[in-house]
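Please keep the sequence and the structure in view while reading.

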Amino acid sequence: MKISIKWVLIFAFTSILSISIAFISISTYYTSKNALLTHAKEVMENIITFTIDKSKNHILVAKDATELTMGLTSSSVVNSENFDGMEKYFLEQLKINNQFSNIYYGNHKGEFIMASRSEESPDKFTVKKISLVNDLRVAILKTVDDSFATIGLKPLPDDKYDPRIRPWYEAVKKQKKIIWTEPYIFFSSKKPGITSAAPVLNEDNHLIGSIGVDIEINELSEFISKMAFSEKGKVVIFDEKKNMIASGTSNIIHHSTTNNELRLAKIDDMQDAVLDAAFSALLQGNTLDHIDKKIFLTFDNGGEKYHAIFSPFKVNDIKWIIGICVAENAYLGGIKNNQILNIYIAILIALISIFLSYKISTSIARPISQMQKVANELKLHHLDIPKIPLSSFSEISESVEAFNEMKDELIRYEKETNDLNNNLESAYLDTLYRLALAAEHRDSETTKHVHRIGTYTEIIATEMNMNEHDTHIIKHASLMHDVGKLGIPDSILLKPGKLTSAEMDIMKTHSVLGGKILADSDSEIMQAACQIAIYHHEKFDGSGYPYGLKGEDIPLMARIVAVVDVFDALISKRCYKEAFSVEKAVGILKKGRGNHFDPACIDAF
């Protein structure tokens, strides 16, 4: 039987057209799917990176609190358990460091003092004191204004607070070292946070109390709530014990009905089907305490497919895990729902012209490709890139618009992070300055000495062509050159006359004491300050102390500080001498060139 060529051609053209349409439609769909899933993964990784940066910056406040805690435990005010002195000291620290929520001290007898920010007004503070008077427990709450003047006093006859059973005290009592607590609910503010605490020991090295600093972490939940890039997306932070640290969509504080206590919610307490499914997939073959790298996974929940990333991060003793999960349909729903419509459009375009089909396919793929390229740039933190032009297709245009908005949000978060870093830097340098003043505060004639030393060292470092970074380091590190004088008795430090040999030997120990106070820090400034404190009394010819180092064996920064420290001492009035003229002081320095001082430093001076 003969077949008409007409039907053969119709069948051939129909078959070719059908195969072409099917191929184009299917390949376009899967190309878009893969590109969008890749884009989703990169967006999730970017959010992970920014959230980790934000969290680390927040925890660095706790690191500053740890360093503050170390300083407080060595304070004579704390060691003497002078509650009035501690009250003023704690209030001053709260006023200086806006990130701190509470600073407190509890001793082995159950006595307690805590300075806190008032919830009524940012210009007010509260001080809670629990003391034993003739074995009678007395608890009061005092309210003070910005100048620390008392504006309210309230007895607390029903107060049952005992610092000795709080997590921070028990941890310090057990470990007898500076500790960071696991996140918990603060007793007073009922807000989640972490505590840095340190032991206070008596002369027999027995624990007499513990001092702590609270840092609230609820800001992290506020931060990640702004990172919601999809209605079906979840961003959470939790620890290895499944305690929720932050959540962008749910309350992380759990009210126990059995004992009427507040605690951090566990993952199981959240009653979130998506999170439960995500953790079930995560814990297949993994345990939370062994997660040490990013984990990508896919899981199903209620018949819907989800993609998730879990990434651990660690700062000092704190290890948390950040998790992000998002429904696949959040990215592919529009494409799936319009797949049939796209096929009809493709058929119509194919009937009109293969060329038009190619052009339209290109116009569809171009913005997706641009989003992928921009996502790669964002992954490298290249934020100064132009926005992607909107597409003529509504579904893709909405994705592009959302992508552009996300990029703008990332730029804003980057600015906020930079501003936060600048604020932390300012607070950190202010703390260093105040630590330096603590070493000088017993002698009113030497308090301005700290300022001048920093200025002198900056000028000399610049003259010696030291780079900008090292100049910044020495300017601030030099402020703490005499921090070891905190350990020198007033009878020697303030003696109005020449010191005896024995007294001089004690005075010389301040360089080693300073090194011990500043040792073991991760900060470049603190590391430089430690070297300066130890070696700024070494002499170029090896006749100095404490170790008799010679020439360039003495660190350069210590050699510079040696020059300016002697110069400022010569031109300043002291309890044991009158001030020298600048000319006489310069003459003395010149005579010491090559024996007491490094010739290069003298020439620069």
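Which residues are buried in helix α15?

## Basis of the report

The model is predicted, and local features need pLDDT of at least 70, side-chain atom pairs count only at pLDDT 80 or more, and totals for chains, interfaces and linings use all residues. Residues are numbered from 1 along each chain as its sequence is written, and side-chain values use heavy atoms, with hydrogens and water left out.

## Helix α15

The buried residues of α15, which spans residues 510-518, are His510, Ser511, Gly514, Gly515 and Leu518. Because these residues cover an arc of only 145° around the axis, they lie on the same side of α15. The arc is that of the directions from the helix axis to the C-beta atoms. Buried means under 20% relative accessible area, exposed means over 50%, and partly exposed lies in between (1.4 Å probe, protein chains only). Helices (H or I, at least four residues) and strands (E, at least two) are DSSP runs, numbered from the N terminus.

An α-helix has 3.6 residues a turn, so residues three or four places apart point the same way. Just after α15, Asp520 has a positive phi of about 60°.

## Strands β1 and β2

Strand β1 (residues 102-107) runs antiparallel to β2, and 5 bridges join the two. Two strands pair if DSSP finds at least two bridges between them.

How many residues of β2 are buried? Of its 6 residues, 5 are buried, so β2 is largely enclosed by the rest of the structure.

Phe112 has Ile130 in β3 as its bridge partner, and Ser116 is partnered by Thr126 in β3. The loop between β2 (112-117) and β3 (125-133) holds Ser121. Ser121 counts as buried because its relative accessibility is 19%. Its side chain reaches the backbone nitrogen of Asp123 at 3.2 Å.

Strand β3 pairs in turn with β4, antiparallel and over 9 bridges. In this pairing Ser131 stands opposite Val138 in β4. A hairpin is formed by β3 and β4 with 2 residues between them, and Asn134 in the turn has a positive phi of about 55°. The loop between β3 and β4 (136-144) also contains Asp135, a residue other than glycine with a positive phi near 65°. Is Asp135 buried or exposed? Asp135 counts as exposed, because its relative accessibility is 77%.

## Backbone features in other loops

Lys176 lies in the loop between α4 (167-175) and β6 (179-180). Its phi is near 50°, a positive value in a residue other than glycine. With a relative accessible area of 47%, Lys176 is partly exposed.

Where in the chain is Pro546 placed? Pro546 is in the loop between α16 (524-535) and α17 (556-571). A cis peptide bond joins Tyr545 to Pro546, with omega about 15°.

Definitions and conventions:
A polar contact is a pair of N or O atoms within 3.5 Å; within protein, one must be able to donate a hydrogen and the other to accept it, and residues adjacent in sequence count only if both atoms are side-chain atoms.
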